[in-house]
Amino acid sequence: QRVPPVAADKSLITQVLKNLVNNAIKYSPEKTTVTVSTALEAQSVRVCVEDRGFGIPPESKDRVWEKFFRVVREGQEKDEESTGLGLSFVREVVEQHGGSVAVDSEEGRGSKFSFTLPRL
């Protein structure tokens, strides 16, 4: 099934997808799967990036979209490569396009980040 067109800035939405995929890879053990999928909704297209990584503690789930927020894991130094800006950028761009972001995650089982863009 073809994904219907959406009104979006190609380079910004490409960067949104890159941020989500890069995070999924960075926070997943080697040799695990990262899945990118789309789903049609009544008024929008949902894009999902799902990993089998470390997951996000429940108390951090609502904060992952905040600027500079980074999840700290037991026994793991904060990732010096991370600025904590990737997900806030994702939310800002998607909301500017009239869409929304969501995260579903369970510690030790992985995370599913998704965003919607309105259909034309």
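Which residue in β4 is the bridge partner of Val47? In β4, that partner is Phe115. Let's see where this pairing sits.

## About the model

This is a predicted model, in which local features need pLDDT of at least 70 and side-chain atom pairs count only at pLDDT 80 or more, while totals for chains, interfaces and linings use all residues. Residues are numbered from 1 along each chain as its sequence is written, and side-chain values use heavy atoms, leaving out hydrogens and water.

## The sheet

Four strands build an open sheet, in the order β1-β2-β4-β3, with antiparallel pairing. At its edges are β1 (34-40) and β3 (101-106), each of which pairs on one side only. On average, neighbouring strands of this sheet are turned by 15 degrees against each other, direction ignored. Strand β2 (residues 44-51) and strand β4 (residues 110-118) pair in the antiparallel sense over 7 bridges.

Strands (E, at least two residues) and helices (H or I, at least four) are DSSP runs, numbered from the N terminus. Two strands pair if DSSP finds at least two bridges between them. Axes are lines fitted to C-alpha atoms, for helices over the stretch in contact, and angles run from 0 to 180 degrees between N-to-C directions.

Val47 lies in strand β2. Because its relative accessibility is 12%, Val47 counts as buried (under 20% relative accessible area, with exposed over 50% and partly exposed in between, using a 1.4 Å probe and protein chains only). Leaving aside residues up to four places away in sequence, Val47 touches Leu17, Ser37, Thr38, Phe113, Ser114 and Phe115, where contact means heavy atoms within 4.5 Å. The C-alpha atoms of Val47 and Ser37 are separated by 5.8 Å, and these residues are 10 apart along the chain.

## An aromatic pair

Phe113, one of the residues that Val47 touches, also has an aromatic partner: Trp65. Rings of Phe, Tyr and Trp (its six-membered ring) pair if their centres lie within 6.5 Å; planes under 30 degrees apart count as stacked, over 60 as edge-to-face and the rest as tilted.

The pair links distant parts of the chain, 48 residues apart: Trp65 is in the loop between β2 and α2, and Phe113 is in strand β4. Trp65 is buried, with a relative accessible area of 7%, and Phe113 also counts as buried, at 10% relative accessibility.
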